[in-house]
Amino acid sequence: MTTLPHSTTKKLGLVIDLDTCVGCQACVTACKGWNDQGYGAPLSDQDPYGAAPSGTFLNRVHSYQITPEDAAPIIVNMPRSCLHCDDAPCVTVCPTGASYKRTEDGIVLVNEDACIGCGLCAWACPYGARELDAAAGVMKKCTLCVDRIYNENLPEQDREPACVRTCPTGARHFGDFADPQSHVSRLSAERGGMALMPELGTKPVNRYLPPRKKDVMQASPLAPLLDIQASGFAGWLDKMLGKIG
Amino acid sequence: MNQPRIDLSPHVSDEIRKTTCYMCACRCGIDVHLTSGKVTYIEGNKDHPVNKGVLCAKGASGIMQVTAPSRLRAPLRRVGPRGSGAFEEISWEEALGLATAWMKPLRETAPEKLAFFTGRDQSQSFTGWWAQQFGTPNYAAHGGFCSVNMAAGGIYTLGGAFWEFGQPDWDRTKLFVMFGVAEDHDSNPIKIGLGKLKERGARVVGVNPIRTGYNAVADDWYGITPGTDGLLILSLIHCLLAAGKIDLAYLARFTNAPLLVNETDGPEKGLIVKNAESQPFVIDKRTGKPAPWDGQGVQPDLGAVWQGHRTVFQHMAERYLSADYAPEQVAERCGISANRIRILAAELARVAFDEAIEIDQPWTDFRGDLHEKMTGRPVSFHAMRGISAHSNGFQTARALHLLQIVLGTVEVPGGYRFKPPYPKPVEAHPTPHFVSVPGKPLSGPHLGYVRSPEQLALLPDGSPARIDKAFSWENPFSAHGMMHMVIPNAHAGDPYRIDTLFLYMANIAWNSSMNTAQVMAMLTDKTAEGDYVIPRIIYSDAYASEMVAYADLILPDTTYLERHDCISLLDRPISEPGAAGDSIRWPVVTPDRPGHEGVRGFQSVLLDLGVRLGLPGMTNPDGSAKFKDYADYIVNHIRRPGVGPLIGFRGAGGDLEGRGEANPDQMQAYIDNGGFYQAHVPQEALFYKPWNKAYQDWAVATSFYESPQPYLFNIWSEPMRRFQLAAEGQGFLQPPDHLRAQIRQTMDPLPIWYPPFGEAAEAEYPLHALTQRPMDMYHSWGTQNAWLRQIRGKNFLYVPTKVWKQHGFDEGDYARVTSPNGQIVVPVAHMAALNSETVWTWNAIGKRKGAWALDEGATEATEGFLLNHLISELLPEKGDGLRYSNSDPVTGQAAWFDLRVKLERVGKRDHSEPVFAPVSRPVPKGEGRT
C-alpha cells in the first residue's frame, strides 16, 4: 500500500469544456505524440497495420448520445484521462509504491522503475484512466505533461500539457485549482464545473464544464409590415421603401 | 514519503523545422521536432496564421505518415494485367523515358488525347500551367466532385465564397449559422472560430441532417432533410421581406438591386438595362433620372420604374414574398416546423438589426463618398459540402448568399469577410481556354468563369471540347472541371477517346470515384482487338493506394515532409480577412527509401518531363532545363511582370511585397520566417472590400488586380439569364433541344429551389444516404495511419430511430442497402441525433484488401465499406439514348448527396459486401512501427 500526501501545495489539473468539445481527437494524438517520446517508456502500438491494432493512449475521447424525453437528442463528446484525484485509489492500492501523488503539485505519477505491471491500480481506478503498456510492461497514465509544464528547454508559452496546447476549440484549460483566482478555478465556478462520480469519494481535481442548454432559441415571430394579401406587392413596396424615406 | 526525483526539464529535440502540414487540405503551420535526424514530434506553429499553434488529430499523427509502410519506393512498370497490381521496379530514367515516349507523339499530333487530372493537388497554378504548355484542354483538379457549387455560387454572386475565399468575423459575430458543414473542411480555423464564439457565449446554429461534431456543440440544431436547404433559406428570406427586416441602404449601395431589368420581349429581355456606353445605370432618387451606377453622391432608387423596366429589387421581393415560400409551405419538405423557421428568421433579424455594431473607422467608397464609421451586422454564415454535393447545390449556394446580402452582413464587421485576393468579381476571372493545336501551348488557363454561351468550351460542330464535358450546355459553369466524368466519358468515347490518362494524387479506383466498381471495370475494359479502352494510365502517388494497381506506370511521390511546395496566391492561398498570405513546404527530412530507386516530388518530375517534351516556359532555347527543380520554379517563375508564385521577400533585396523581381534567396527567407508570409491589409481597408477605395488600391499594389475592380453583388445574375435566353431560342448559339427545359429552369437569374434529381427515385427508395469525413481522417490517407486507424478503424451505417425500429435492427446487425445503382451489405448502428429520413456513414474508411500495406484482415478491409458503390456518375437512362451526368446542371458538381436508398435487415455478418479480390502489394505489408 502506498500513502497519499495529506495535502499538496498546488492542485494542478484540467478544465474540459463539454459545451465546446467537438470530439475532434486532437488531444488524443497530441498526447500520444508527446508521451511517446516523453516521460517514461514510449506508448507502444501492437499490430499497428494488422487486423486488430491496439496501443497505449493516455487520453481517449468518447461520444455519448443523450435522448431527452422532451427535447431533441444530443451528442456529448467527452475526453477522458486521469483526473489526478486527491484521494486516488490507484495510489493507495499500489503494492510497490510506484504510483504516487506529488506533494508539490498533486500530479499522480507512476515511477516506472518501481512498477511491476501488476495492474491493480488500473483495476482500482473507477475512471479507466490507466493503461498497461504491452511492450514495456509498465502502467502508463496522464502525467499532465510533467516534463513540459516546468521544462526550461521549452518557451514559457509552451509549458502546458500537449493536449491543452493543441486543442483547436480551446476546450481544454490547465491550471492550479488550489488558487481560487486561477483561470481554471474561476472558469469552473462560473460554468458549474463538475467532478466525475463524486459519490465515489475519490475527489477528482479535473473538472468538466457541462453542455449549455440546447435548442432553446426564443424569438417572437416577426410582425409583418402589412397584410400583403390585401395591399398587394405595390402596397408592400410603398411601405418598405417608405422606411428609408 | 520519498518521491522519486524526476527530470522536469528534459532535452526536447535537437532542432525544430517549420513547414506546412498536409495531413489534410487545411495547410496549418507545423513545428517538426528532429532528434538525431529523425522526426520525433510534430506540433502546431504558434505564429502561423492558419492554426495559431493548435493542431488537429491528423496533424499530430503525421509522424506516423512519414514512416508509413505503404510509402512507395521506386518507379513501377506494370507487368501483369491492369488491376492485378503486378509491377516491376524500374529506374527513374526508364520511367521518365517511357512517359515521354507515350506523351510526346500526342503533343505533336493530338494534344487532347492526354487527359491530366490532379486530385488533392495544392499546386494547381503549377500543374495547370504545365498542362497549358502541353496544349491539352483536358486538365482540372478535384473541385468538380468536391465543392465547386459553393465556390462558383459565391463567385457568381459575391465575388468570393467560403474557406479560402472568406470566413466569418469570428471576433465580432454574435450569431453564427452553418449549413451542411463537413467537419474536415477548413478544419482548424473553423474549430478555432467556434471556440471563440463559445468563449464569448455567441449563439451557434447548425443546419445539418446529422448532429455530430460542430453540430453537436451548436446551441440550436436544425436537422434538415437533405437537399432542402435552399428551400429553407428562401423561406427565411420570405419572412425577412414580409417583415421589412432587410438592409435597404446596403442593397441600394452595394448590390445590383437598383439596376433595371429589361422587360422588352426579345434578345435583351431579362438582361440589365444599359446606356449608350454599355454601362448599367440606376435611377437617382434625388432627380428621378438615370445616373451612373458608380457616380458620386448618387442615391440609387430601389423602387424605380423606368420606361417600363423595374429594378432587380422589385423582381426579387416579388418572387420571395410569394406564399410558395411561406414557412408553412416548406416545413414538411424541409423536416423543420414552420414555427422554428419563423424563430430562426426572427433571431437573424434581431441580431442583424437590433445588435448592430459600429467601428470608429472612416472609409471612402468607390463612388468617392466618405463614411464616418463602419457599420456591422453581427450575423454570419458558413456552408460547405452539405449544400454543394446536390444537383440543386449551385442555386442553393446562391440562395444562401442572397440571405447574407439582404441582411447586409457581407464584408461588414461581425459578418462574413473576404480573404485576399478575394473579393474578385466574376468579370475579373479568366474564361475557359480549350482550343488545342498540335505542338503548341493552350492560349490561356483551362478553367474559368463563363459569362455567356459564346464562352463555352465547344468545338465548331457544337460538341464538347473537353473530355469531361465541362463548360458545355450540360453544365455551363463547371469552373473546376468535372474529374468524376473523365473515366466514364473516356471509356464511352463520349465525346471522344483519349490515349493517356495522367493522374496525380487521386484515388480514383476507390473512394474518389462516384461508383468504384464501375470505374474499376472501365479502367480494365478491353476493345475487341484486346487493347485497353483507355490505352495508357500514368499515376503519381506517395502511397500504395487502391489506384496504384490500375496504372501502367507509377511515378512515386514523396511524403509531405520530404518535399517543396508552394501554397500560392495564384492558387488556394492561406490568407486571412486582414492579410494576404502564402506559404511553402520544404524537405525537413530527406526522402530515404534504402535499397530502392527512391522517390521524387511530383512537381519536380513534371518539370523534368516538361523539358523532355520540350514544353515552352520550362525549356531554354538550347533544350536545357529552365528550372533545376520545383523549388527553383517557385522562386524564379514569373507569371506576369513582377508576379511569381510567392508574394513575400521579392526583389533583388528581398524587401518587396506582392510585386518585384525574383529573389534567389526567397525560399530561405520563407524558411527563416516560419514557412509563410503575410501582407497585411491597411486599417481603413479591412471591411467593405469590394467597394472600399483603400482596399482596391492596396489590392492593386499587392498584385491581385491590375486596376481597381469595384463592383456590385449580383442578386440578379446576368450570365445565368443569358443562358436562359438561349434556351428560350434567343441568340445564335443554341443549346441542344433535350437540354432546353433544364437550362430554362436551372439557369434562373434569381436563386431558386428545385428538388435534387435523385428525388426521382423517392417512391422506391425512401431514405437519403450521406457520407461525411471525420475530423480525425482525411480521404484514404488517414486510415493507414497507425494511430488514427486505432481511433476509427471501422465505419457503420448510422440509422435514425424510426427506421431502426421499423426494421427491427439489433446491435451487431448488418443491412442490405439498395439504391437505383446497386447494393451493399454493411454494419448498422443506431443514432437518434439524426434526421428521420436519413442514413449516413464516415467516408473513405473502407479499404481494398492488399492496399495501403495493411493486413488483409484489417477491419477497414473486412467490415469497412464505401457508399460509392450505390452512386453512379450517370443518372438513370431516360430512354433517349443520351448519357446524363449525375451532377449539378449548372456547375457539373458531382451530386453524390442526392443518393436515395432502401434498407433490409440481414442479421449478423462479419464482412461487408461487395468483396473485391485482393490486389498484389507494390510494397510489403506493414509490421511494427518503424
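Visitor: At what angle do the axes of helix 4 (residues 124-134) of chain B and helix 17 (residues 602-612) of chain B cross?

Guide: Two packed helices are described by the angle between their axes and the distance between the axes. Here the two axes cross at roughly 15° and come within 11 Å. Each axis is a line fitted to C-alpha atoms over the stretch in contact, with angles from 0 to 180 degrees between N-to-C directions. Helices (H or I, at least four residues) and strands (E, at least two) are DSSP runs, numbered from the N terminus.

This is a predicted model, in which local features need pLDDT of at least 70, side-chain atom pairs count only at pLDDT 80 or more, and totals for chains, interfaces and linings use all residues. Residues are numbered from 1 along each chain as its sequence is written, while chains are lettered from A and ligands numbered from 1 in the order written.

Visitor: How is helix 4 of chain B oriented to helix 17 of chain B, roughly parallel or otherwise?

Guide: The two are therefore roughly parallel to each other (angles under 35 degrees; over 145 is roughly antiparallel, 65 to 115 roughly perpendicular, the rest oblique).

Visitor: Which residues meet?

Guide: B:F126, B:T127, B:W130 and B:Q133 of helix 4 meet B:Q603, B:L606 and B:G610 of helix 17; contact requires C-beta atoms, placed from the backbone, within 7 Å.

Visitor: What is the strand order of the open sheet in chain B?

Guide: Strands of a sheet pair through backbone hydrogen bonds, either parallel or antiparallel. The three strands have the order 1-2-3, with antiparallel pairing (at least two DSSP bridges between two strands). Strand 1 (15-20) and strand 3 (38-44) of chain B are the edges. Six bridges join strand 1 to strand 2 (residues 29-35) of chain B, and B:T19 has B:I30 of strand 2 as its bridge partner.

Key: Two residues are in contact if their C-beta atoms, placed from the backbone, lie within 7 Å.
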